[in-house]
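Please keep the sequence and the structure in view while reading.

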Amino acid sequence: MQLPTLEVFVDRLVAVSRIEGFDPDTPLTTSGVDSLDLMEWVYDMQERYPDLGLDESIVEQVNDTVTFRTIHQQVLAAHGVTPVASAAGGDA
């Protein structure tokens, strides 16, 4: 299975939440994304990527330090993939 990139994760979240200027490195609690947005994103991703294994427990993980990049890295790790540094210098 080909795993979605961070950019795909962000694009899908922006599509369902209609948030503008979303930064995946901003803690979710201060990003303007609420729990309903995350739930809609989870359902969207489940439909598009049924083998990804995303579920509602992601919403329970959100605290003052969790970023969307962190969530993406956790999904990669759950599938045995190690994030690599991007050309921009951050993690994948």
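## How the two helices cross

In this predicted model, helix H1 passes helix H4 in a right-handed crossing. Helix H1 covers residues 6-17 and helix H4 covers residues 68-78, and their axes come within 10 Å and cross at roughly 125 degrees. Two packed helices are described by the angle between their axes and the distance between the axes. Angles of 65 to 115 degrees count as roughly perpendicular and those over 145 as roughly antiparallel, and H1 and H4 are therefore oblique to each other.

## Where the helices touch

On the H1 side the contact is made by Leu6, Phe9, Val10 and Leu13, which meet Phe68, Arg69, His72 and Val75 of H4.

## The aromatic residues

The count of aromatic pairs comes to four. In one of them, the ring centres of tryptophan 41 and phenylalanine 68 lie 5.0 Å apart with their planes at 65 degrees, and because an angle over 60 counts as edge-to-face, the pair is edge-to-face. This pair links distant parts of the chain, since tryptophan 41 sits in helix H2 (residues 35-48) and phenylalanine 68 in helix H4, 27 residues apart.

Are tryptophan 41 and phenylalanine 68 buried or exposed? Both of these residues, tryptophan 41 and phenylalanine 68, are buried.

Notes. Residues numbered from 1 in each chain as written. Predicted model: local features only at pLDDT ≥ 70, side-chain atom pairs only at ≥ 80, totals over all residues. Heavy atoms only, no water. Axes fitted to C-alpha atoms, helices over the stretch in contact; angles between N-to-C directions. Helix = DSSP H or I, 4+ residues; strand = E, 2+ residues; numbered from the N terminus. Parallel < 35°, antiparallel > 145°, perpendicular 65-115°, else oblique. Left-handed = near helix turned anticlockwise from the far one by under 90°. Contact = heavy atoms within 4.5 Å. Phe/Tyr/Trp six-rings, centres within 6.5 Å; stacked < 30°, edge-to-face > 60°. Buried < 20%, exposed > 50% of the residue type's maximum accessible area, 1.4 Å probe, protein only.
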